[in-house]
Structures are given as C-alpha cells and as structure tokens.
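Hi,

Here's the structure I said I'd pass along. Have a look at it first, and then read my notes on the charged side chains below.

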Amino acid sequence: MNVRNCRKCGKLFNHIMGMPVCPECKEKLEKKFQEVKKYIREHSMSGIKEVAEACEIDPGQIQQWIREERLEFTEDSPVKIPCENCGEMIRSGKYCDKCKREMTNNLQSVIEKPKKVDQGPKKVQSTGNKMRFLDR
C-alpha cells in the first residue's frame with residue numbers, strides 16, 4: 001500500500017498512480033476543468049490569464065491541461081504554447097506536428113525490421129551407389 005500526502009490539501013490517502021492528489025481534490029479539479037472548458041467555449045478569444053482570473057485557477061494548471069491535450073483552443077484563438085522541442089507555437093500537446101513526425105521517423109529507423117536470411121538452395125547429397133543396412 002502506497003500512502004502519500006495530497007499535494008493540494010495535505011491529507012493522507014492511498015496513492016495508486018498519477019498525480020499525488022487525493023480523490024476529493026481530484027474531483028474539485030475536475031469540476032474546475034469543466035468550468036474552464038465552459039468558459040473557453042463562451043469566450044473563445046480569451047487568453048490564459050483571463051481564463052485563469054475568471055475561473056479562479058492557476059494559469060499553470062490551464063497550461064498543464066493544454067499539454068495533456070485535454071484543452072485545445074480554436075485556430076483564431078490567441079492562446080498558444082511553445083513546442084517543447086523547437087519552440088514553435090502550438091494549440092495543444094507537447095510537440096508540433098513537424099517534431100512529432102521527426103520523432104516517429106527516428107524511432108522507426110532505430111527499430112530494425114528483421115532481415116530475411118537467404119540460405120540459398122539446399123544441396124542434395126547424392127547417395128551414389130552406397131549400400132545401406134537397416135538392421136544396424
């Protein structure tokens with residue numbers, strides 16, 4: 001059993017996986033997420049700071065939801081975050097499309113496909129005129 005203190009409220013809880021946050025705080029955070037999501041739908045041109053102030057939440061939490069691809073803003077929205085690899089501004093996730101393609105290609109090139117071993121034609125040994133005995 002893995003017992004930890006909640007990162008938000010300090011309460012002890014049984015931690016299984018993910019962020020070390022107790023179930024009550026997770027539920028509160030999920031309600032805040034739904035509130036932020038609703039606000040963004042109604043005010044699509046708002047920036048992260050505006051959304052954070054209106055919903056009374058840390059801007060870092062909003063950025064985390066964007067990185068996790070839980071939140072995505074429209075094409076015309078001023079909200080963009082930098083790609084973690086090249087710095088290009090993106091709407092959601094950690095990496096831009098170009099960096100994702102490059103990483104995929106690099107991984108595929110590292111993983112070698114098994115090569116078929118060409119054994120060539122099998123040589124048939126001629127038995128010639130040798131005598132064989134079955135009872136030996």
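Start with E30 and R70: their side chains meet in a salt bridge, with N and O 2.7 Å apart. Keep in mind that this is a predicted model. E30 sits in helix α1 (residues 23–42) and R70 in the loop between α3 (59–67) and β3 (81–82), so the pair ties together parts that are 40 residues apart in sequence.

Next up is E69, which forms a salt bridge with K100, and here the closest N and O atoms are 3.9 Å apart. This pair also links distant parts of the chain, as E69 is in the loop between α3 and β3 while K100 is in helix α4 (residues 97–110), 31 residues away. E69 has a relative accessibility of 49%, which counts as partly exposed, and K100 is partly exposed too, at 35%.

Then there's R91, whose side chain meets that of E75 in a salt bridge (3.3 Å, N to O). R91 is in the loop between β4 (89–90) and α4, and E75 is in the loop between α3 and β3, 16 residues apart. R91 is partly exposed at 24%, whereas E75, at 60%, counts as exposed.

Cheers

Technical notes
Residues are numbered from 1 along each chain as its sequence is written. This is a predicted model: local features need pLDDT of at least 70, side-chain atom pairs count only at pLDDT 80 or more; totals for chains, interfaces and linings use all residues. Side-chain values use heavy atoms; hydrogens and water are left out. A salt bridge is a side-chain nitrogen of Lys or Arg within 4 Å of a carboxyl oxygen of Asp or Glu. Helices (H or I, at least four residues) and strands (E, at least two) are DSSP runs, numbered from the N terminus. Buried means under 20% relative accessible area, exposed over 50%, partly exposed in between (1.4 Å probe, protein chains only).
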